[in-house]
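Take a look at the structure below.

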Amino acid sequence: MDLSLNVNGSARRFSADPGELLVERLRDGLGLTGTKVGCDTGQCGTCVVRLDGRSVKSCLVLTASAAGSEVTTVEGLTSVGGDLTPLQEALRQEHATQCGFCTPGMVMALGELVDRATADGAAPSEPEIREWLTGNLCRCTGYHSVVRGVQRACAPRQEG
């Protein structure tokens, strides 16, 4: 079937099998390997992308069901100058990554939380951040530094 997606701001047209998963299209069809494949069952969160602004596990989404949608991968977060997003910078400052395998999925999922907090003007509590993290498995960090990174990213910006 012929489909189209808007991926990281670029219109993409292609043919896909009806059973193709979005993670397969992104990685194998479009070469966007920042989206990882971990468990293939939606439990680890390494494949999280944004679909029309909402974080989803791309190993559970058929490419055909995403047709016509806006997909953002971790590669789509990078600015022209290569600057990190506030969340990515905060995670870096808090040493919240180790092996890095889970990082793209966490950045995509937590980015939605940070966006909501920014829009609402209210930083999420530690329990809220930990609840948000339940869909992302990390074997290295212990999550403490990740929580601090989200708190830093949601903290009011100091002018100066």
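Helix 3 and helix 5 pack with their axes 10 Å apart, at an angle of about 35 degrees. Their crossing is right-handed. Helix 3 brings Met106, Leu110, Leu113, Val114 and Ala117 to the contact, and helix 5 brings Val146, Val150, Ala153 and Cys154. What classes do these residues belong to? The contact of helix 3 with helix 5 has nine nonpolar residues, no polar ones and no charged ones. Keep in mind that this is a predicted model.

**Helix pairs**

Two packed helices are described by the angle between their axes and the distance between the axes.

| Helix pair | Angle | Axes |
|---|---|---|
| Helix 3 and helix 5 | about 35 degrees | 10 Å apart |
| Helix 2 and helix 5 | about 135 degrees | 8 Å apart |
| Helix 2 and helix 3 | roughly 115 degrees | within 10 Å |

Now take helix 2 and helix 5, which is residues 144–154. Their axes lie 8 Å apart, and the packing angle is about 135 degrees. That angle makes helix 2 oblique to helix 5. Helix 2 passes helix 5 in a right-handed crossing. On the helix 2 side, the contact holds Pro86, Leu87, Ala90, Leu91 and Gln93. They meet Val146, Gly149, Val150, Arg152 and Ala153 in helix 5. By class, the contact of helix 2 with helix 5 has seven nonpolar residues, two polar and one charged.

Helix 2 also packs with helix 3. The two axes come within 10 Å and cross at roughly 115 degrees. Helix 2 and helix 3 are therefore roughly perpendicular to each other. Helix 2 passes helix 3 in a right-handed crossing. Leu87, Gln88 and Leu91 of helix 2 make the contact with Val107, Leu110, Gly111 and Val114 of helix 3. Five residues of the contact of helix 2 with helix 3 are nonpolar, two are polar and none is charged.

**The largest pocket**

Rolling a probe the size of a water molecule over the atoms shows where empty space is left. How much space lies in the largest pocket? The answer is about 190 Å³. Twelve residues line the largest pocket. Arg50, Leu77, Thr85, Gly111 and Asp115 lie nearest its centre.

Which helices supply at least two residues each to the lining? They are helix 2 (86–93) and helix 3 (103–120). Helix 3 gives the most to the lining, with six residues. By class, the lining of the largest pocket has six nonpolar, three polar and three charged residues.

**Two loop residues**

Most residues other than glycine have a negative phi, and most peptide bonds are trans. Now look at two residues in loops. Asp40 has a positive phi, near 65 degrees, and is not a glycine. Asp40 lies in the loop between helix 1 (22–29) and strand 3 (48–51). Tyr143 has a positive phi too, near 75 degrees, and is also a residue other than glycine. Where is Tyr143? Tyr143 lies in the loop between helix 4 (126–132) and helix 5.

Terms used. Residues numbered from 1 in each chain as written. Predicted model: local features only at pLDDT ≥ 70, side-chain atom pairs only at ≥ 80, totals over all residues. Heavy atoms only, no water. 1 Å grid on protein atoms, 1.4 Å probe; cavity = no way out; pocket = protein on both sides within 12 Å on 5 of 7 lines; lining within 4 Å. Points joined across faces, edges and corners; volume = space filled by probe spheres on them. Helix = DSSP H or I, 4+ residues; strand = E, 2+ residues; numbered from the N terminus. Nonpolar A, V, L, I, M, F, W, Y, C, P; charged D, E, K, R; others polar. Axes fitted to C-alpha atoms, helices over the stretch in contact; angles between N-to-C directions. Parallel < 35°, antiparallel > 145°, perpendicular 65-115°, else oblique. Left-handed = near helix turned anticlockwise from the far one by under 90°. Contact = heavy atoms within 4.5 Å.
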